[in-house]
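Morning, everyone. Please take a look at the screen, and then I'll walk you through the strands.

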Amino acid sequence: MSSDNKKPDLYAYVQKNDKAPLLLVGAAWYHNKGEGLNVALTALPVDGRITLFPPKAEDDKPAS
């Protein structure tokens, strides 16, 4: 499915260091035509590192 018509499959986060909170910067959706992901970001990390987490099943909100 496309990002236009469903909730994200994964949420994209950045973290300044191991003790800093995760900051939500985007989301990802699995392609409807085979393997891969579509990723939409609202910000880019300085170090280039992004972590993806699935939504929590119990409340369908991003992991924290």
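I'll start with the ground rules, then go through the sheet.

This is a predicted model, with local features needing pLDDT of at least 70, side-chain atom pairs counting only at pLDDT 80 or more, and totals for chains, interfaces and linings using all residues. Residues are numbered from 1 along each chain as its sequence is written, and side-chain values use heavy atoms, with hydrogens and water left out.

Now the sheet. In what order do the four strands lie? The order is β3-β2-β1-β4, in an open sheet with antiparallel pairing. Strands here are DSSP runs of E, at least two residues, numbered from the N terminus. Two strands pair if DSSP finds at least two bridges between them.

Look at the edges. β3 (37-41) and β4 (51-53) each have a single partner strand, so one side of each has no neighbour in the sheet. The twist averages 30° from one strand to the next. For that angle, axes are lines fitted to C-alpha atoms, and angles run from 0 to 180 degrees between N-to-C directions.

Next, the pairs. β1, residues 10-14, is joined to β4 by three bridges, antiparallel. There, Tyr-13 has Thr-51 of β4 as its bridge partner. β1 also pairs with β2, residues 23-30, over five antiparallel bridges. Leu-10 sits opposite Ala-28 of β2. Ala-28 also stands opposite Val-39 in β3. β2 and β3 are paired through five bridges, again antiparallel.

Last stop, the hairpin. Six residues lie between β2 and β3. Gly-34, in this hairpin, takes a positive phi near 95°.
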